[in-house]
Amino acid sequence: MRHDYEHQVQKAICQYLDMRKVCYFAIPNGGQRNKIVASKLKSEGVKAGVPDICIVYDGQAYFLEVKKPKTLDSGKGSLSKNQKVMIERIKEAGGEVAVVYSVADVIESLIDWQINVL
């Protein structure tokens, strides 16, 4: 159930970014994989905790970690230990990261980052 909420939010975010003609791509790190596939991906550089979406604007990388919004049935999603570590590493390397729960959060992040979209 948790992943379905996140899926719906991320889908809406991608639709918004497409509409605004933002250069972005999803990073599909999650999902069920067998040990052989997981091992291959790890050897190819897949890292635990990488945010869900990367935006590239004016030579800079920006990342969105999409989390489940608070619902009547449950609280909002939270970051895993691996996600906290990776977010810190990205920031130390000069990247920007926002944890978002809605399209409105994405719009706020784009404004904060001074990303001018159409």
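1. D58 lies in the loop that joins β2 (53-57) to β3. In this predicted model, D58 adopts a positive phi, near 50 degrees, although the residue is not glycine. The relative accessibility of D58 is 73%, so the residue counts as exposed, the cut-off for that class being over 50%.

2. Q114 belongs to the segment after α4 (103-112). Its phi is positive as well, at about 55 degrees, and Q114 is likewise not a glycine. With a relative accessible area of 61%, Q114 is exposed. As background to these two points, most residues other than glycine have a negative phi.

3. Helix α3 comprises 12 residues, 81-92. At 1.5 Å a residue the helix should span 16 Å, and the end C-alpha atoms are 17 Å apart, which agrees.

4. The buried residues of α3 are Q83, M86, I87 and I90. Because they cover an arc of only 105 degrees around the axis, they fall on the same side of α3. The elements that cover these buried residues include β3 (60-66) and β4 (96-100).

5. Which exposed residues does the face of α3 turned away from its buried side carry? They are K81, K84, R89 and E92.

6. Just after α3 comes G94, with a positive phi of about 100 degrees. G94 is a glycine, whereas D58 is a residue other than glycine and Q114 is not a glycine either.

Definitions and conventions:
Residues numbered from 1 in each chain as written. Predicted model: local features only at pLDDT ≥ 70, side-chain atom pairs only at ≥ 80, totals over all residues. Heavy atoms only, no water. Helix = DSSP H or I, 4+ residues; strand = E, 2+ residues; numbered from the N terminus. Expected span 1.5 Å × (residues − 1). Buried < 20%, exposed > 50% of the residue type's maximum accessible area, 1.4 Å probe, protein only. Arc of directions from axis to C-beta. Contact = heavy atoms within 4.5 Å.
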